[in-house]
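Hi there,

Here is the structure I promised to pass along. Have a look, and my notes follow below.

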Amino acid sequence: MELGTLTKVTAATAAEVGRRAGLGEEAQALLTETMAPAQFLDLLIKREQYADAVRFLAHALPKREAVWWACLCARGGLPEDAKPPVIEALKAAEAWVLKPVEETRRAAMACAEAAGFDSPSSWAAVGAFWSGGSMAPPDAPPVPPGEELTGTAVAGAVMLAAVQTEPERAEEKFRRFLMQGIDIANGGSGKGARV
């Protein structure tokens, strides 16, 4: 995989991202304090540590781009018999990406709740909700989400999309999804990325 420079990733080092990404022990052992984000991501992919590569990239991307990545993966893994609330959760997450305002952020969470929390679409929508603002009801004192929460939701959406349908093809889907995320990290739309 050609990683490019990951121009959308603003972290100076991979360690900066790794501290909030919830990486596994093996991935943490590969991480050095001076390693660049692209260098570490490349190493994870070459070692076929796809789940950790997804976690790392989900936390490295800016929140809006990360949610867009989750949307692409969720749409790519959408079962033919997806229930309407699952489709609505995906549409709500996409609406937030197109117009990241309080109204679309709160609507995304309402759709995620209606769909249940067992689909990539729901977790994409939760990632949008956790992107900022308050997690409390609008009339309550504000409770800001933790900085790592959007990345956590996005990683969950991407990993679930890789295994929810045709789990025997998970490795192939992980590679395709990572290429989409890398394209987004380089300023692309993620739609034309190929393995």
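**What I found**

Let me start with T150, which sits in helix α9 (residues 149-163). Please keep in mind that this is a predicted model. T150 is buried, because its relative accessible area is 1%, under the 20% cut-off. A polar atom of its side chain lies 3.0 Å from the backbone oxygen of G127. Leaving out residues up to four places away in sequence, T150 touches K63, V67, G127, W130 and S131.

Now for the rings. Searching the whole structure gives four aromatic pairs. One of them is Y50 with F174, a stacked pair at 6.2 Å centre to centre and 20° between the planes. Y50 lies in helix α4 (residues 50-60) and F174 in helix α10 (residues 170-185), so this pair ties together parts 124 residues apart in sequence. Y50 and F174 are both buried. W123 and W130 have ring centres 6.2 Å apart and planes at 55°, so that pair is tilted. W123 counts as partly exposed at 24% relative accessibility, whereas W130, at 17%, counts as buried. Ring pairs also link F117, W123 and W130 into a cluster.

L41 touches residues including L3, A53, F56 and I182.

Best wishes

Technical notes
Residues numbered from 1 in each chain as written. Predicted model: local features only at pLDDT ≥ 70, side-chain atom pairs only at ≥ 80, totals over all residues. Heavy atoms only, no water. Helix = DSSP H or I, 4+ residues; strand = E, 2+ residues; numbered from the N terminus. Buried < 20%, exposed > 50% of the residue type's maximum accessible area, 1.4 Å probe, protein only. Polar contact = N/O pair within 3.5 Å; in protein donor to acceptor, adjacent residues only side chain to side chain. Contact = heavy atoms within 4.5 Å. Phe/Tyr/Trp six-rings, centres within 6.5 Å; stacked < 30°, edge-to-face > 60°.
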